[in-house]
Amino acid sequence: MRQAFSWVLPLLLAVLLVGSIVSPLHAQGFPAPNQTMPPLPPRPWSSLTPAQRDVLSPLRDKWDTLPPRRQQTMLQKSEHWVTLPPEKRDEVRLRIAHWQAMTPEQRKEARANLQQFRQLPPQERARLHATFEHFQELPPEQREKLMQQFRQLPPEQRARFQGRPASAPGGQ
């Protein structure tokens with residue numbers, strides 16, 4: 001069994017570090033707010049163009065509660081997204097929806113993991129990205145089987161493959 005995991009566990013590490021982190025954050029891509037700009041007025045959902053509403057549809061329920069700066073950022077992004085082919089727009093919609101469905105704790109963890117990923121040497125990032133791409137090319141059944149095998153590992157072993165210290169006894 002150890003031999004079977006020799007390539008599986010690095011693959012799963014890449015999935016955990018890259019797939020669940022980079023995709024949702026890539027869709028968000030928010031710049032840091034500029035503190036010198038005057039306050040922006042909120043934009044109600046009804047004031048958006050049909051193209052903007054189409055792209056930003058995953059945010060429909062939360063749009064009117066978003067801070068005006070976030071609304072402005074998303075509107076700027078939507079200008080670019082409208083120029084994308086339909087397949088890419090669908091991909092963006094899914095990423096936004098996935099990010100919105102995450103809990104605040106999951107988002108915090110995703111941001112922390114992305115920061116950790118960005119601090120890796122370029123060669124290591126490239127290796128993890130290639131491993132993630134390989135994992136994505138696997139049939140869904142095989143991906144699920146690998147994920148189940150990973151979940152069945154003892155917490156200490158999972159933590160070691162994720163680059164974290166093992167938790168204290170009774171933890172996780």
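**View 1. Contact of helices α4 and α5 in the predicted model.** In this predicted model, W99, Q100 and A101 of α4 meet Q106, R107, A110 and R111 of α5. A packed pair of helices is described by the angle between the two axes and the distance between them. Helix α4 spans residues 86-101, and its axis lies 8 Å from that of α5, at an angle of about 120°.

**View 2. The aromatic pair W45 and W63.** The structure contains 1 aromatic pair. W45 and W63 form this pair with edge-to-face geometry: the ring centres are 6.1 Å apart and the planes make an angle of 70°. Distant parts of the chain are linked in this way, since W45 belongs to the loop between α1 (5-28) and α2 (50-55), whereas W63 belongs to the loop between α2 and α3 (68-81), 18 residues apart. W45 counts as buried because its relative accessibility is 12%, under the cut-off of 20%. W63 likewise counts as buried, because its relative accessibility is 0%.

**View 3. Confidence along the protein chain.** The mean pLDDT of the chain is 77, and 72% of the residues score at least 70. Confidence is highest in helix α5 (residues 104-118), at 92, and lowest in α1, at a mean of 46.

**View 4. Two stretches with pLDDT under 50.** Across residues 1-18 the pLDDT remains under 50, and the model shows 43 contacts beyond four places in sequence for them. Residues 168-172 also have a pLDDT below 50, with 4 contacts in the model beyond near neighbours in sequence.

Definitions and conventions: Residues are numbered from 1 along each chain as its sequence is written. This is a predicted model: local features need pLDDT of at least 70, side-chain atom pairs count only at pLDDT 80 or more; totals for chains, interfaces and linings use all residues. Side-chain values use heavy atoms; hydrogens and water are left out. Rings of Phe, Tyr and Trp (its six-membered ring) pair if their centres lie within 6.5 Å; planes under 30 degrees apart count as stacked, over 60 as edge-to-face and the rest as tilted. Helices (H or I, at least four residues) and strands (E, at least two) are DSSP runs, numbered from the N terminus. Buried means under 20% relative accessible area, exposed over 50%, partly exposed in between (1.4 Å probe, protein chains only). pLDDT is the predictor's confidence in each residue, from 0 to 100. Contact means heavy atoms within 4.5 Å. Axes are lines fitted to C-alpha atoms, for helices over the stretch in contact, and angles run from 0 to 180 degrees between N-to-C directions.
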